[in-house]
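Please look over the sequence and the structure shown below before reading on. The briefing that follows goes from strands to a helix, a pocket and a few backbone angles.

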Amino acid sequence: MNRLKNRSHSGLPQISLPSVVNTTPPHDRNAEQALIGTCILRSERLEDVRPYVRPEDFYFPQHQVLFKAILRMADSHDIVDVVSLASALQTSGELDGVGGSVYLASLLEHPYSGNVSYWAATVRDTARRRRIMQLSTELFMAAANPTGDVHDVAAGASDLVDGVLADKLDTGRQQPREIVRDYQDWLDRVVDEQEGMALPFPKAQKLTGGFMPTELVYLAARPSNGKTALMLNTCLYNLGLGKRIGIVSLEMRSKILMSRMSAMALDIDAQKFRNRTLTPDDRAKINEFCRRMEQRSFRMWDEPEFSPVRMRSVIKSWKRQMGGLDFLVIDYLQLLDSDPVDGRMASNREQEVSRISKAIKRLALGEELPVMVLCQLSRQAEKDSKPMLSHLRESGSLEQDADFVLFLSFWDPRTVGHEIDLDLDIAKGRSSQTGTVPLTYVRPFLRFHERPEGM
């Protein structure tokens with residue numbers, strides 16, 4: 001849309017918008033009149049139209065009013081014809097505003113061709129074009145504002161474009177056939193193709209069934225109790241299954257995460273990375289591991305400043321690059337920044353964390369992928385016999401937003417020994433079982449194994 005004119009005296013290009021200020025937005029009066037006329041003459045065809053066309057999709061205000069009135073009458077099970085419609089508009093005081101009974105009668109002059117889908121598609125298409133024009137203008141104005149956040153602009157634009165391209169119009173009014181087909185497609189993906197994220201522990205996988213698209217999972221533990229290691233174990237396992245994974249790390253750089261994953265995968269003592277005592281054989285195995293990892297579908301973000309809006313734009317970019325995304329992990333919740341609401345930041349940290357949690361849940365729903373978020377437990381977890389939902393730090397809304405809440409039991413990091421026995425507690429599972437999975441944490445290799453019951 002934008003064009004570069006001749007360069008200025010400073011050598012920088014001058015940017016200008018095309019001359020569209022006085023351009024009439026796309027619309028088709030005949031299509032709008034024919035569609036409304038058809039809904040009056042053949043009210044049974046309204047159900048073929050309403051999943052795809054909303055009142056605001058009409059360009060002319062009187063057509064918006066008329067379509068709203070027709071929908072109201074249909075929802076009330078009233079007979080829809082020109083007489084009853086005129087009476088309803090008269091009662092609501094809207095008849096004169098739409099042109100009176102004379103205009104209503106003129107709508108019936110359009111010959112009924114039976115091709116209502118054509119008129120609906122035309123109205124919808126011109127509405128989408130107007131929304132794109134509006135988006136372009138808003139995007140230009142937002143980008144020109146020096147005080148605005150460019151990531152917010154990009155993420156917002158991406159969402160709007162996706163909405164237009166995906167044609168997500170009034171999906172709550174899908175017809176039974178669409179609902180059933182969508183469900184069958186979901187069954188094909190989830191059941192037959194094992195969509196979602198699997199857990200590397202048989203009992204945990206059996207209890208949860210793995211984590212499905214749109215689900216939000218909180219993995220909580222006290223500091224230095226292994227939650228990042230458990231997350232990386234899970235990521236490595238799913239990479240081996242061919243899954244596409246995104247890792248957002250606000251605590252560690254990607255170089256450190258790769259060192260940890262190397263230790264897990266190659267049985268190299270993680271302390272060697274810190275002590276700089278890797279042997280030539282270690283380095284050879286690491287180089288081979290890196291060659292294998294180059295063939296995997298994964299991305300990492302390790303910049304310290306991150307918010308849900310920025311996350312959305314990064315995820316969309318990852319999905320484009322990898323052809324999709326199967327699993328997202330965030331390490332960890334308390335390091336995320338919140339986005340302002342109506343230009344205002346949260347008044348306290350608990351409110352801020354609550355906002356972040358709800359934004360991540362919306363992200364999981366909107367992008368249709370499982371999201372695991374690591375978070376801290378309060379100090380009270382050390383005093384009680386086992387972690388509880390009330391120990392989730394800084395917000396009581398985490399339990400409400402989550403589909404799953406997993407706890408790693410507390411242990412003292414100063415404990416001597418290479419192996420630590422602990423429990424993975426599935427404290428909340430929406431539509432699944434809860435329970436406790438005994439694990440052993442092999443500290444040198446940062447690796448978890450499921451421990452046989454009773455040991």
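How many bridges join strand β4 to β5, and do the two run parallel or antiparallel? In this predicted model, four bridges join β4, which spans residues 245–249, to β5, and the two strands run parallel.

- Strands β4 and β5 belong to an open sheet of nine strands, whose order is β5-β4-β6-β7-β3-β8-β9-β10-β11 and whose pairing is mixed.
- The edge strands of this sheet are β5 (298–301) and β11 (447–450), each of which pairs on one side only.
- On average, and with direction ignored, neighbouring strands of the sheet are turned by 20° against each other.

- Towards β9 (residues 419–429), β10 is joined by eight bridges in an antiparallel arrangement, and one of the pairs is D423 with its bridge partner P438 in β10.
- The strands β9 and β10 form a hairpin with five residues between them, and in its turn S431 has a positive phi of about 60°.
- Towards β11, β10 is joined by four bridges, and these two strands also run antiparallel; here V442 has R447 in β11 as its bridge partner.
- The strands β10 and β11 likewise form a hairpin, with four residues between them, and L446 in that turn has a positive phi of about 55°.

**Helix α14 and residue K316**

- Helix α14 lies across β4, β5 and β6 (327–331), and the helix runs at about 155° to β5.
- K316 is found in this helix, which comprises residues 308–322.
- Is K316 buried or exposed? Its relative accessibility is 7%, and because a residue counts as buried when that value is under 20%, K316 is classed as buried.
- The side chain of K316 is joined to the side chain of E367 by a polar contact of 2.8 Å.

**The second largest pocket**

- The second largest pocket has a volume of about 740 Å³.
- This pocket is lined by 27 residues, of which R260, A270, Y441, R443 and L446 are the closest to its centre.
- Two or more residues of the lining come from each of the elements α10 (227–240), α11 (254–266) and α12 (271–275).

**Positive phi angles in loops**

- In general, most residues other than glycine have a negative phi.
- T214 has a phi near 85°, a positive value in a residue other than glycine, and T214 sits in the loop between α9 (202–208) and β3 (216–221).
- With a relative accessible area of 24%, T214 is partly exposed.
- R276 also has a positive value, with phi near 60° in a residue other than glycine, and R276 lies in the loop between α12 and α13 (280–293).
- R276 has a relative accessible area of 75%, and because exposed means over 50%, R276 counts as exposed.

Note on methods. Residues numbered from 1 in each chain as written. Predicted model: local features only at pLDDT ≥ 70, side-chain atom pairs only at ≥ 80, totals over all residues. Heavy atoms only, no water. Buried < 20%, exposed > 50% of the residue type's maximum accessible area, 1.4 Å probe, protein only. Polar contact = N/O pair within 3.5 Å; in protein donor to acceptor, adjacent residues only side chain to side chain. Pairing = 2+ DSSP bridges. Axes fitted to C-alpha atoms, helices over the stretch in contact; angles between N-to-C directions. Contact = heavy atoms within 4.5 Å. 1 Å grid on protein atoms, 1.4 Å probe; cavity = no way out; pocket = protein on both sides within 12 Å on 5 of 7 lines; lining within 4 Å. Points joined across faces, edges and corners; volume = space filled by probe spheres on them.
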